[in-house]
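Please open the model in a viewer and keep the selection tool at hand. The stops below say what to select next and what is found there.

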Amino acid sequence: RIGWESDFSIYDATDQLRAIKQAMSDLNMQSNTVSPQAVRNEISRAKDELATPHEYAERSEGFFQEMAASIYHRYQRILRDAQALDFGDMIAYAVRILRESPEARAAYHERHRFILVDEYQDTNRAQYCLIRELGAGHGNVCVVGDDDQSIYSWRGADVSNILDFERHFPAASVVRLERNYRSTKSILKVSNAVISRLANRSDKTLWTDRDEGTPVGIIEAIDEEDEARQVLEAIRKVTADGDVLRNDVAIMYRTN
């Protein structure tokens, strides 16, 4: 329906980068003019918003986006000539087929009569449109997520997908899972106090029937070495009397 053979190839990040470099070469652009990796990320973001090369070119502003728009056009031609799709295309063309073909839409509504989406706060616009097109026939869409844990806006996630879910699906019921089984009361008090300052969020308060627990401690470090020294000093203090062994101590971190 979209002009690709059924045995099309799927381009991963490495394939994408190679195709973008080819597109830049075809357009006589040097890699020191714009970064191929940056262009790849920009094209991926455009596809996350379902923006075609023409639509992206119309809204492009500034040198980089204008260069990216030219490369986007050529890049899509390279993919078509190779009978290939990248991951953004797979969603974008699926949405296009569902919107343009009544037969395909009816077939997939029948095939996928119940839809469950996990980590819904991390979905982008293209993923939302795919979910909405698939669920339009029956409305049997269940999503699980927490808007307070939406941390991937930098890669296209749109928290409004979950905040506006009841508006998108007016018949939806909302079940709030506010009981926390993992943390103590003192930790949840801090979490609730911090997260409540967000301007746009759904109303919920985490609670637990666990003990109050040790008060939360906050340290301020000058740099990573100062942070490490403070952690080591804390370990020395709790292990000094022998009641706590070093084997009983764990350090958890977000990134290494």
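Select E100 first: this residue is exposed, with a relative accessible area of 59%. Exposed means over 50% relative accessible area, buried means under 20%, and partly exposed lies in between (1.4 Å probe, protein chains only). The model is predicted: local features need pLDDT of at least 70, side-chain atom pairs count only at pLDDT 80 or more, and totals for chains, interfaces and linings use all residues. Residues are numbered from 1 along each chain as its sequence is written, and side-chain values use heavy atoms, with hydrogens and water left out.

R96 and E100 form a salt bridge whose closest N and O atoms are 3.5 Å apart; the term requires a side-chain nitrogen of Lys or Arg within 4 Å of a carboxyl oxygen of Asp or Glu. By this rule there are 17 salt bridges. R96 and E100 are separated by about one helical turn because they are 4 residues apart in helix α5 (residues 87-100). Helices (H or I, at least four residues) and strands (E, at least two) are DSSP runs, numbered from the N terminus. R96 is partly exposed, at 34% relative accessibility.

**From α1 to α4**

Next, select D26 and R74. Their side chains meet in a salt bridge of 3.0 Å, N to O. This pair links distant parts of the chain, with D26 in helix α1 (residues 13-26) and R74 in helix α4 (residues 62-81), 48 residues apart. D26 is partly exposed, with a relative accessible area of 38%, and R74 is also partly exposed, at 28%.

**K204 and D146**

Select K204 and D146, which form a salt bridge with the closest N and O atoms 3.4 Å apart. K204 lies in the loop between α10 and α11 and D146 in the loop between β4 and α8, so the pair ties together parts that are 58 residues apart in sequence. Are these two residues buried or exposed? Both K204 and D146 are buried.

**The largest pocket**

A pocket is an open set of points on a 1 Å grid over the protein atoms alone, where a 1.4 Å probe fits, with protein on both sides within 12 Å along at least five of seven lines; lining residues have an atom within 4 Å of a point. The volume of the largest pocket is about 1500 Å³, counted as the space filled by probe spheres set on the points. Now select α10, which supplies the largest share of this lining, 6 residues. The lining of the largest pocket comprises 20 nonpolar, 11 polar and 13 charged residues.

**The second largest pocket**

The second largest pocket holds about 800 Å³ of space. Select I219, V231, A250, I251 and M252, the closest to its centre of the 19 lining residues. Which classes make up the lining of the second largest pocket? The residues divide into 15 nonpolar, 2 polar and 2 charged. Here Ala, Val, Leu, Ile, Met, Phe, Trp, Tyr, Cys and Pro count as nonpolar, Asp, Glu, Lys and Arg as charged, and the others, Gly among them, as polar.
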